[in-house]
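Please open the structure in a viewer and keep the selection panel at hand.

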Amino acid sequence: MSPDHAAVPLDLQRALKEDLDERATQTSEATVLFSEFAQRLYGSGRQAYLEFDAGPSSLRIVPHVDSDDSRGIGNMVIFCFDLTMAVVAHRHGRGPNFLVHDSHLFDGVDDRQLRDALELAAEVTEREGMQYVVTLNSDDLEKAQRKGYDASGRVLPVRLDDEYDDGGLFGFRF
């Protein structure tokens with residue numbers, strides 16, 4: 001490899017590092033939000049932060065929550081990260097005013113965490129002038145409601161009904 005080719009990744013990494021330094025206010029804002037969201041789900045006893053790293057060819061953002069690395073906790077780390085990025089992007093005019101999650105994000109998540117995540121998303125998106133859209137299996141919603149989640153005014157009457165041959169969503173079968 002010629003010396004010019006070797007310098008390109010170093011130049012990119014240096015430029016990325018400088019950009020991160022210039023955006024310290026936004027990265028700090030994201031880290032604080034992520035920590036706030038994770039501590040709402042898991043309590044203040046767990047350390048939660050975002051690590052920003054200028055790699056040789058890309059930005060690496062690693063969300064971290066002290067945990068036992070279970071699937072459910074891993075999914076809630078993703079939830080907190082997504083909510084954080086959606087809020088920061090929206091606040092700075094670089095993102096839409098909504099966040100969408102599929103039911104798979106809540107696989108392996110215990111009932112209390114599901115309830116807390118739904119409440120957190122509703123509270124944060126309302127405060128930020130955003131909307132949270134989630135597809136949930138009806139039994140998962142019932143679990144959250146048994147733990148005290150109030151879904152009134154939040155659940156749309158549209159249902160995917162694949163039990164019958166004529167079921168589906170908006171006339172489509174999946």
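A residue counts as buried when its relative accessible area is under 20%, as exposed when that area is over 50%, and as partly exposed in between. The model shown here is predicted.

**First stop: the aromatic cluster**

Select F79. With a relative accessibility of 0%, F79 falls under the 20% cut-off and therefore counts as buried. Which kind of ring pair do F79 and F106 form? Their aromatic pair is tilted, with 6.3 Å from centre to centre and 55 degrees between the planes. F79 belongs to helix α3 (residues 71-91), whereas F106 sits in the loop between β3 (98-101) and α4 (111-128), so this pair ties together parts that are 27 residues apart in sequence.

With F79, F106 and Y132 displayed together, the viewer shows a cluster linked by ring pairs. The structure holds 2 aromatic pairs.

**Second stop: salt bridges**

Side chains of opposite charge can pair when their charged atoms come close. The count for this model is 12 salt bridges, and three of these stops follow.

Select D107 and R71. Their side chains meet in a salt bridge, 3.7 Å from N to O. D107 lies in the loop between β3 and α4 and R71 lies in helix α3, so the bridge ties together parts that are 36 residues apart in sequence. D107 counts as partly exposed at 25% relative accessibility, while R71, at 56%, counts as exposed.

Next, select E128 and R91. The closest N and O atoms of this salt bridge are 2.7 Å apart. Because E128 lies in helix α4 and R91 in helix α3, the pair ties together parts that are 37 residues apart in sequence. E128 counts as buried at 16% relative accessibility, and R91 counts as partly exposed at 39%.

Then select D116 and R112, a salt bridge whose closest N and O atoms are 3.1 Å apart. Both residues lie in helix α4, 4 residues apart, or about one turn of the helix. An α-helix has 3.6 residues a turn, so residues three or four places apart point the same way. At 13% relative accessibility D116 counts as buried, and at 32% R112 counts as partly exposed. To finish this stop, select E29, R91, R127 and E128 together: salt bridges that share partners join these residues into one network.

Select helix α2, residues 24-42. How far does α2 reach from its first C-alpha to its last? The helix has 19 residues and spans 26 Å, close to the 27 Å expected at 1.5 Å a residue. Colour its buried residues, which are T27, E29, A30, L33, F34, S35, F37, A38, L41 and Y42.

Select S28, which also lies in helix α2. Is S28 buried or partly exposed? S28 has a relative accessible area of 39% and is partly exposed. Finally, select G43, which follows α2 and has a positive phi, near 90 degrees.

**Last stop: the second largest pocket**

Rolling a probe the size of a water molecule over the atoms shows where empty space is left. The second largest pocket has a volume of about 240 Å³. To find the pocket, select R23, T27, F52, L59 and I61, which are the closest to its centre of the 14 residues that line it. The elements that give two or more residues to this lining are α1 (3-22), α2 (24-42), β2 (59-65) and α3. Colouring the lining by class gives 9 nonpolar, 2 polar and 3 charged residues.

Terms used. Residues numbered from 1 in each chain as written. Predicted model: local features only at pLDDT ≥ 70, side-chain atom pairs only at ≥ 80, totals over all residues. Heavy atoms only, no water. Phe/Tyr/Trp six-rings, centres within 6.5 Å; stacked < 30°, edge-to-face > 60°. Buried < 20%, exposed > 50% of the residue type's maximum accessible area, 1.4 Å probe, protein only. Salt bridge = Lys/Arg side-chain N within 4 Å of Asp/Glu carboxyl O. 1 Å grid on protein atoms, 1.4 Å probe; cavity = no way out; pocket = protein on both sides within 12 Å on 5 of 7 lines; lining within 4 Å. Points joined across faces, edges and corners; volume = space filled by probe spheres on them. Nonpolar A, V, L, I, M, F, W, Y, C, P; charged D, E, K, R; others polar. Expected span 1.5 Å × (residues − 1).
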